[in-house]
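Subject: Structure for your files

Hello,

Here is the structure I said I would pass on. My notes on what was found in it come after it.

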Amino acid sequence: MAIMTIPTIITRFRLCLVPVIMVGMVSQVENTWWTEVAFIIAAGTDWLDGYLARRLNQESDLGRFLDPLVDKMLVHGPLLCFIQIGVLPAWPVFIILMRDLIISAWRVSGQSVVGANRWGKIKTLSQLIAIGCLLGPSQFTESLPMVGFLEFAQQLGTQLFWASVVLTIISGAV
């Protein structure tokens, strides 16, 4: 049994936030601001667990396996919800899913677990920022005084999403 390190506990906590985020996204309740908060916490702790693993010298094969797996769930879950609620088309999300499945299969096919490279980390960061920007407008009604900001966030999130699709292709090729 693997030792429960602080980074692993944080990664598992992040995993528990994924269904909370997805339920908030597809619920019919308006103004589910807690969905955005849960996503920001989950995305922020992605950096934290890796930093602590290196800083505390608690890097492990379990962490190298679990962290990118949870990253994928944190990205794929909301992207699938965005398809369901009509925010994103399915085909670019399919490209992201296929690339991630192929890379994950390759990563675990060897004797040891291979961590993400720089392109993969940039891709994940761009996806997380895009999702964060798209989440706000999808969770709040137009009656709020923040309409201008939400429209800007929607446009920025859409542009970042398409940039992340390009980065997904690049990171899968290198």
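Two residues are in contact when they have heavy atoms within 4.5 Å. On that basis, 77% of the contacts in the protein with a separation of 6 or more are between residues 24 or more positions apart. Please keep in mind that this is a predicted model.

Overall architecture: the protein has six helices and zero strands, in the order α-α-α-α-α-α from the N terminus. Of its 174 residues, 41% are buried. The accessible surface is about 9600 Å², and carbon and sulfur atoms hold 69% of that surface.

Cavity: there is one cavity of 30 Å³ or more, and the largest cavity has a volume of about 40 Å³. Helix H5 (118-139) and H6 are the elements that give two or more residues to its lining. H5 provides the largest share, four residues. The lining consists of Leu79, Ile96, Gln127, Ala130, Ile131, Leu134, Phe161 and Ser164. By type, six of the lining residues are nonpolar, two are polar and none is charged.

Ser171: this residue is in helix H6 (residues 147-173). Ser171 has a relative accessible area of 2%, so it is classed as buried, the cut-off being under 20%. Leaving aside residues up to four places away in sequence, Ser171 touches Arg99, Trp119, Gly120 and Lys123. With Arg99 there is also a polar contact of 3.0 Å between the two side chains.

Regards

How values were computed. Residues numbered from 1 in each chain as written. Predicted model: local features only at pLDDT ≥ 70, side-chain atom pairs only at ≥ 80, totals over all residues. Heavy atoms only, no water. Buried < 20%, exposed > 50% of the residue type's maximum accessible area, 1.4 Å probe, protein only. Polar contact = N/O pair within 3.5 Å; in protein donor to acceptor, adjacent residues only side chain to side chain. Areas by Shrake-Rupley, 256 points an atom, 1.4 Å probe, with all protein chains shown as cover. 1 Å grid on protein atoms, 1.4 Å probe; cavity = no way out; pocket = protein on both sides within 12 Å on 5 of 7 lines; lining within 4 Å. Points joined across faces, edges and corners; volume = space filled by probe spheres on them. Nonpolar A, V, L, I, M, F, W, Y, C, P; charged D, E, K, R; others polar.
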